[in-house]
Amino acid sequence: MSLAPLIIVSGPSASGKSTIVRRLLEGPWPLRLSVSVTTRPPRINEQPGVHYHFWSVPEFLHAKDQGFFLEWAEVHGNYYGTLDNEVTQYRHLGQGVVLDIDVQGAEQVRKRCPDAVSIFIRTSRFETLEERLRQRHTESEDAIQKRLTNARAELARAGEYNYQVVNDDLESALASLRAILGPLFQRSADA
Ligand code: ADP
Ligand code: 5GP
């Protein structure tokens with residue numbers, strides 16, 4: 001039996017990755033979000049084990065040295081990583097897994113899991129990212145500037161992805177994503 005789909009979602013901060021992934025998890029496919037580890041502090045309303053596993057830097061480095069991560073990277077000045085046990089066992093059980101990870105992590109996952117399908121979420125205007133970051137009220141001015149600088153570097157690597165989806169209008173973006181995901185789940189169910 002082939003493994004259930006592995007879907008990588010990347011894109012600049014505030015392009016709408018979490019919003020889109022949350023909607024995709026509502027169905028109709030057997031899909032779970034891999035809960036990443038991060039060393040950044042939780043935002044208001046973020047729950048440990050739900051949005052992230054919030055670990056200290058020593059805890060993160062220990063897990064890295066033990067080889068527990070499928071991929072890891074330093075992003076916006078903090079460590080982030082995908083635990084292998086958030087991914088592989090579920091794919092074997094027929095459950096698709098979506099990774100919301102940055103461009104560096106995506107590169108590592110493509111190498112280790114060549115069947116992964118990668119999707120880059122973007123907006124048609126760069127300014128939209130700044131507007132959304134400010135409206136979200138989750139980052140300091142310093143963090144906003146860091147994220148906007150990184151956004152340009154991430155956008156420069158959009159061509160490395162299998163698909164690019166523009167999230168100006170949420171429902172149109174979701175329709176595009178569903179058109180990509182549908183055949184993947186169909187194929188894995190037929191195999
Ligand atoms: P990311 O996970 O990529 O950092 P979020 O999903 O947190 O981005 O989205 C950033 C902000 O933009 C949030 O406040 C979200 O509600 C909003 N947002 C997401 N998609 C859209 C859209 N298509 N139109 C308007 N606002 C959006
Ligand atoms: P945020 O702090 O806004 O939740 O996420 C910041 C960035 O880190 C986003 O680009 C997100 O995709 C990325 N990220 C989240 N989890 C992981 C992970 O496990 N690995 C990698 N490489 N990047 C991650």
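Predicted model: local features only at pLDDT ≥ 70, side-chain atom pairs only at ≥ 80, totals over all residues.
Side-chain values use heavy atoms, with hydrogens and water left out, and residues are numbered from 1 along each chain as its sequence is written.

Ligand 2 sits in the largest pocket (on a 1 Å grid over the protein atoms alone, an open set of points where a 1.4 Å probe fits, with protein on both sides within 12 Å along at least five of seven lines; a molecule sits in a pocket if more than half of its atoms lie within 2 Å of its grid points). The ligand is surrounded by 17 residues (a heavy atom within 4 Å), of which S36, R40, Y52, E71 and Y80 are the closest. By class, five of the shell residues are nonpolar, five polar and seven charged (Asp, Glu, Lys and Arg count as charged; Ala, Val, Leu, Ile, Met, Phe, Trp, Tyr, Cys and Pro as nonpolar; the others, Gly among them, as polar). Strands β5 (69–75) and β6 (78–83) each supply at least two residues of this shell (strands are DSSP runs of E, at least two residues; helices are runs of H or I, at least four).

Taken alone, ligand 2 exposes 510 Å², and the protein buries 95% of that (Shrake-Rupley method, 1.4 Å probe).

Eight aromatic pairs are counted (ring centres of Phe, Tyr or Trp, the last by its six-membered ring, within 6.5 Å; planes under 30 degrees apart are stacked, over 60 edge-to-face, the rest tilted). The F60 and Y79 rings are stacked because their centres are 5.2 Å apart and their planes at 15°. This pair links distant parts of the chain, with F60 in helix α2 (residues 57–65) and Y79 in strand β6, 19 residues apart.

How values were computed:
Chains lettered and ligands numbered in written order. 1 Å grid on protein atoms, 1.4 Å probe; cavity = no way out; pocket = protein on both sides within 12 Å on 5 of 7 lines; lining within 4 Å.
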